[in-house]
Amino acid sequence: MRSIVNASRWCVALVLLGTLTGAASAGAEDGRRLANEGKIAEAIEAAREALRADGSDEGAARLLQELLRLEGKEAAAGAVLPEGAPAILVRWLDARLLPPAEAEAALRKLSAEEGAPALAGLDLGLAQVRAGKARTAETTLEAWTAAHPDSADGQHGLGLSRLRSGNLRGARGALRKALELEPGHPGATLLLAEVCRDLHEPTEARAALVDALARFPSNLSLRAGLAEDHVRAGETDAAALVVEELLKQAPESARFHELLARVRHAQGKAEEAMTAARRAVELDAGSAGARRILGRLLEISGDTEGALAEYRRGAELAPDEARSHVDLGFALLLLERRKEAEAAFRAAVAIDKEHVDANLNLGILLRLERRFKDAREHLNAVLRREPEHLEALMLLGDALAAEGKGKDAIRIYEKVAKLDPHDAHSLVAIASAWLALGKTSEALEAASQAVDRRPDSPEAHFAMGRVRDEQADFDEAERSYRKAIELDSKFAGPHRYLAEILDHVRGDKAGAIDLYRKYLALGGRDPGGKVAERLRLLEKE
């Protein structure tokens, strides 16, 4: 549900530099090439030289601003443009630095003015992405790329908006187009790799990274992207080699220590991962990403309060990033602070209405609160972006079943059973739903399929026991319950129902007492106190 590795984290400022193919000055193009090669100081000088030659060179101005931001330097228009630059360029560059909602408003107004920079329209779309308006951004960027068909950055931005709106195949098409227009485009390459992994097409992801690195072997973002690709493929030793080499070149880079923490975590080296994460925070206390990885590692170590503090700081540092609020909400949920968790998840949804993890966690929380209608709304938001998201489908089915909409739930569960032919959980859910509808024959068929599919599943045998119990076939029910307990001695459910057979059918009071006690000790639900009361009566006899 929550990946500890995030490819887009490495799509740093230099990958959206925004020159217009065929319209940019030679100086701006030189600066862009140098930036893609990782030669940032030289790229900055090339962009400044282009602006000295032409103070209205918007491609050079945007490039210089992004590079200055990347270096953590002053990047307002006054630090970028030479004296006497057109006022509209000054307003444009300053608008780009505003928070997302303010940037969108300013850029929308500016891009409609006569003489506005052509790139203002591209920036408007990107501001809308940052503001969580992915579908609006997609419309804006489709119009912009139609007017500027030769812009690789336009296609990159369009791909980003489609990824955020859940249109993965549309995103892939735009990103492929960006790479046709500008082979090796770092931003498009990194984003294409992310999209291809989400589409379960890792071969294309790796090929894009390898091709881009062949063109720009010194580009550190691309090499970091390759390290992550190794992690995703389970090639953790290869990932470690790449990151260790990156840190030799940039030992004080908080980003690379953060990536090292992710790699060490994937390798199962908890102490080294924690050390790297703490070093990343030490180097850049204002890095939301470093705070998130440290929080995640603290969470895994069992230090939930420490994790919460880091997640809260991450959300403060990156209030416009949905991911920060999701992680904060998750830590709060672990601490049973549900109201605060809900507020955090809703903050993430306000930024990105169809953010998968935000909506998924909100659906889980609302289901726990028995607010099933609201839960279904957010689970359906997940499915709009990822129609085959198995966890969201199962949770949606569970919410429908809890509302008494058994047949609707069964249709959802059946979809999961087809999508994942190795999973028995959906078949167990189908059996339970049919049983609730009083359809024991249909329930028996589903439970039998679950046992056949996963004979090692205690839940499948428990489901079979419940069906046989309902059919008064107590011998078969007992066998199924005992098999479930054999497979998982800490599974509470079968202890209770086996106890009832021993109690009411077999007359084995000692066996029933033992199983009732185990059921309660294992945390089995007893909302009406019936199990505890029956146990007390048996103990008195």
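I take buried to mean under 20% relative accessible area and exposed to mean over 50%, with partly exposed in between. The model I am reading is predicted.

**Entry 1: the whole chain**

I began with the overall make-up. The secondary structure of the protein chain comes to 31 helices and zero strands. I looked up the extent next, and the C-alpha atoms fill a box of roughly 100 × 45 × 40 Å along the principal axes. The chain has 541 residues, and 55% of them count as buried. For contacts with a separation of 6 or more, I noted that 53% join residues 24 or more positions apart.

Ala35 has its place in helix 1, residues 26–36. I recorded Ala35 as buried because its relative accessibility is 0%, a value under the 20% limit.

**Entry 2: helix 2 against helix 3**

I looked up how helix 2 (residues 40–53) packs on helix 3. Their axes are 9 Å apart and meet at an angle of about 145°. The crossing of helix 2 and helix 3 is left-handed. On the helix 2 side, the contact is made by Ile40, Ala43, Ile44, Ala47, Arg48, Ala50 and Leu51. On the helix 3 side, I listed Ala60, Ala61, Leu63, Leu64, Leu67, Leu68 and Leu70.

**Entry 3: helix 5 and what covers it**

Which residues of helix 5 are buried? In this helix, residues 87–96, I found Ile88, Leu89, Trp92, Leu93, Ala95 and Arg96 buried. They cover an arc of only 160° around the axis, so they lie on the same side of helix 5. I then checked what covers them, and the cover includes helix 3 (58–70), helix 4 (77–80), helix 6 (100–111) and helix 7 (119–130).

**Entry 4: helix 7 against helix 9**

Helix 7 also packs with helix 9 (residues 152–164), with axes 10 Å apart and an angle of about 20°. Angles under 35 degrees count as roughly parallel, and therefore I put helix 7 and helix 9 down as roughly parallel to each other. Their crossing is left-handed. From helix 7, Leu122, Leu126 and Val129 take part in the contact. They meet Asp153, Gly154, Gly157, Leu160, Ser161 and Arg164 of helix 9.

**Entry 5: Glu182**

I looked up Glu182, which has its place in the loop between helix 10 (168–181) and helix 11 (186–198). Is Glu182 buried or exposed? Glu182 is buried, because its relative accessible area is 18% and the limit is 20%. Leaving out residues up to four places away in sequence, I found that Glu182 touches Arg32, Asn36 and Ala152.

**Entry 6: salt bridges**

How many salt bridges does a search of the whole structure find? The search finds 54. Side chains of opposite charge can pair when their charged atoms come close.

Asp211 forms a salt bridge with Arg215, and the closest N and O atoms are 3.1 Å apart. Both are in helix 12 (residues 202–215), and because they are four residues apart, about one helical turn separates them. I noted Asp211 as partly exposed at 34% relative accessibility, and Arg215 as partly exposed at 42%.

Arg232 and Glu228 meet in a salt bridge of 3.2 Å, N to O. These two lie in helix 13 (residues 220–232), four residues apart, which is about one turn of the helix. Arg232 is partly exposed, with a relative accessible area of 38%, whereas Glu228 is buried at 1%.

Glu486 and Lys483 are three residues apart in helix 28 (residues 474–487), so about one helical turn lies between them. I noted Glu486 as exposed, with a relative accessible area of 59%. Lys483 counts as partly exposed at 29% relative accessibility, since that value falls between the 20% and 50% limits.

How values were computed
Residues are numbered from 1 along each chain as its sequence is written. This is a predicted model: local features need pLDDT of at least 70, side-chain atom pairs count only at pLDDT 80 or more; totals for chains, interfaces and linings use all residues. Side-chain values use heavy atoms; hydrogens and water are left out. Buried means under 20% relative accessible area, exposed over 50%, partly exposed in between (1.4 Å probe, protein chains only). The arc is that of the directions from the helix axis to the C-beta atoms. Contact means heavy atoms within 4.5 Å. A salt bridge is a side-chain nitrogen of Lys or Arg within 4 Å of a carboxyl oxygen of Asp or Glu. Axes are lines fitted to C-alpha atoms, for helices over the stretch in contact, and angles run from 0 to 180 degrees between N-to-C directions. Angles under 35 degrees count as roughly parallel, over 145 as roughly antiparallel, 65 to 115 as roughly perpendicular and the rest as oblique. A crossing is left-handed if the near helix is turned anticlockwise from the far one by less than a right angle, and right-handed if clockwise.
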